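Here is a short report on one structure, for reading beside the sequence and the model.

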Amino acid sequence: MACLLETPIRMSVLSEVTASSRHYVDRLFDPDPQKVLQGVIDMKNAVIGNNKQKANLIVLGAVPRLLYLLQQETSSTELKTECAVVLGSLAMGTENNVKSLLDCHIIPALLQGLLSPDLKFIEACLRCLRTIFTSPVTPEELLYTDATVIPHLMALLSRSRYTQEYICQIFSHCCKGPDHQTILFNHGAVQNIAHLLTSLSYKVRMQALKCFSVLAFENPQVSMTLVNVLVDGELLPQIFVKMLQRDKPIEMQLTSAKCLTYMCRAGAIRTDDNCIVLKTLPCLVRMCSKERLLEERVEGAETLAYLIEPDVELQRIASITDHLIAMLADYFKYPSSVSAITDIKRLDHDLKHAHELRQAAFKLYASLGANDEDIRKKIIETENMMDRIVTGLSESSVKVRLAAVRCLHSLSRSVQQLRTSFQDHAVWKPLMKVLQNAPDEILVVASSMLCNLLLEFSPSKEPILESGAVELLCGLTQSENPALRVNGIWALMNMAFQAEQKIKADILRSLSTEQLFRLLSDSDLNVLMKTLGLLRNLLSTRPHIDKIMSTHGKQIMQAVTLILEGEHNIEVKEQTLCILANIADGTTAKELIMTNDDILQKIKYYMGHSHVKLQLAAMFCISNLIWNEEEGSQERQDKLRDMGIVDILHKLSQSPDTNLCDKAKTALQQYLA
């Protein structure tokens, strides 16, 4: 029986809920315009702060009717304005409300409303557009669909402080990436918005500032323009510096610091400029203190990480400003059990977002330790730092995991730390776990770090090899992502350096000659160079050279021929000739060169090449082939003499390049001995 009753009960609840709201919608259809206006005003009062009522009215179909009234030529301006206000209020509810409004094509209707001569109606439309465009469910592209919209919005900037505030807010939310920046820049955004920085309205100044931060981000063209813009006789960077002074609101300080940071990173302001060293950097460090709100600390740390990332001197200055390295350790203890937060809502918010603090701290530590050995040491000696990073590698948040891997990667550039802290904490274990199943963005950084852990002086190299790294890395070389292919082959190259024969055999077996050839014909130059580096490391020490060439000689010689004949740059050909020189150093392997006239002719050709690097590499091949103390050297010398190699050696012994000249003379002595 209960099952039979379930549906009627639901329906009666729904009809009860909507019945109380239905009369609001019914009044929108009254033939008397005055009653319609009063109905819209009553609806406005009913929905303010009432999400349930908003949802009910949307379900009952209020939106299409409000949009109809908003667009009707016969509607009074007052009615149109009130409709825009109600629609704006509905948009302030849940994301589902915004989706419903978008489904009813609210944006074209509101944009059309901006053509009205009435300022109050324009402001109501802009306020509603601002609310919709700042919602995460609204595609930014909707602002750029009609090419006439941006120039019209630029023209409306001069109408009132409200049009200025709302339009700047729309621009700063809808400017995502270089295409949008270019559109806004080409329509005069810089000139139209610059003077708003001196507006009497704080909200206008703030939104204009936010506009400049999104316009300048990674954009040299905009940044170079901003540097020279004058507002009331003052240059923009000077205005930004004034806005990041301590007496200004935190939001303004942070956004000004972002503007200057982005201009600096885009190359418009030097990293040693006082406005960066003495103003922007200290301001961002201040934002990291525990007195600041969680979101301010996150934004401060992430912006500072971005500012100092490429510059060693800024990293050094930041590391000794206000005990920053120790200050960041607090990011991992938040909120603490003795937290000063008495506002329960704030505490709840911060508990949900505490992972953002950890992410920001990892990012900033990664930037701080990118180059300087002493800074890395300080970071690692900060309380429980390595444990925190290791914990970060297994956090549920992808962003925290990525930031932790980046931090670890930055610290792994230190030979000292690879030998000590990284070994003490067995960092390789969680790293291998991360590599088993992670999104590409994490894999790229984690595999890059693995390259460092596989360097020959790293104590982690052995255990990593024992934990199945060869198969994992060979798998990476088959990725569609070029960065993963590079890292996979790079790590194998490091693994093969001065390795035992068994490891080299494992690499060749797991990789397969088919895959090796695919990598040698890879369109990505880095992949090709690292694959040649791997081959060079595999073909080192005589017994290894002879063993590998006895099983894979034919294919390797084929690959070498193809590369030397192909359209490749000097570095690629030099590496390939160095591989040949290694083969020529083998005991039995050198016969694969001596019995291949095509390869011998190529070596001869490169001895006479215009580029010294290639001549030197070809000389190494010849020296290894003619060395007197080795069996069969006389026959090899005779064959090469008949090919005209001795004549070339005489010519090269007169070379102005001392290195080449010495190598040629040494080779000639082998003939005289």
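Contact here means heavy atoms within 4.5 Å. Helices are DSSP runs (H or I, at least four residues), numbered from the N terminus. Buried means under 20% relative accessible area, exposed over 50%, and partly exposed in between (1.4 Å probe, protein chains only).

## Model and confidence

This is a predicted model, in which local features need pLDDT of at least 70 and side-chain atom pairs count only at pLDDT 80 or more, while totals for chains, interfaces and linings use all residues. Residues are numbered from 1 along each chain as its sequence is written, and side-chain values use heavy atoms, with hydrogens and water left out.

The chain has a mean pLDDT (the predictor's confidence in each residue, from 0 to 100) of 92. Of its residues, 96% reach 70 or more. Residues 1-15 stay under 50, and the model gives them 0 contacts beyond four places in sequence.

The largest nonpolar core holds 242 residues. Such a core is a set of buried Ala, Val, Leu, Ile, Met, Phe, Trp, Tyr and Cys residues joined through side-chain atoms within 4.5 Å. F212, L368 and L580 have the most contacts inside it. Beyond its neighbours within four places in sequence, F212 is in contact with residues including V190, L226, F240 and C259.

Helix α16 covers residues 250-265. Of its 16 residues, 14 are buried. G267 follows α16 and has a positive phi, near 90°.

## Aromatic rings and charges

Rings of Phe, Tyr and Trp (its six-membered ring) pair if their centres lie within 6.5 Å; planes under 30 degrees apart count as stacked, over 60 as edge-to-face and the rest as tilted. The count by this rule is 7 aromatic pairs. Y162 and Y166 form a stacked one, at 6.2 Å centre to centre and 25° between the planes. The two are about one helical turn apart, because they are 4 residues apart in helix α10 (residues 161-174). Y162 is partly exposed, at 32% relative accessible area. Y166 is buried, at 5%.

F217, Y262 and Y306 form one aromatic cluster. R265 lies over the face of Y306, 4.2 Å from the ring centre. K530 places its charged end over the ring of W490, 4.3 Å from the centre. A charge sits over a ring if NZ of Lys or CZ of Arg is within 6 Å of the ring centre and within 35 degrees of the ring normal.

Methods
Expected span 1.5 Å × (residues − 1).
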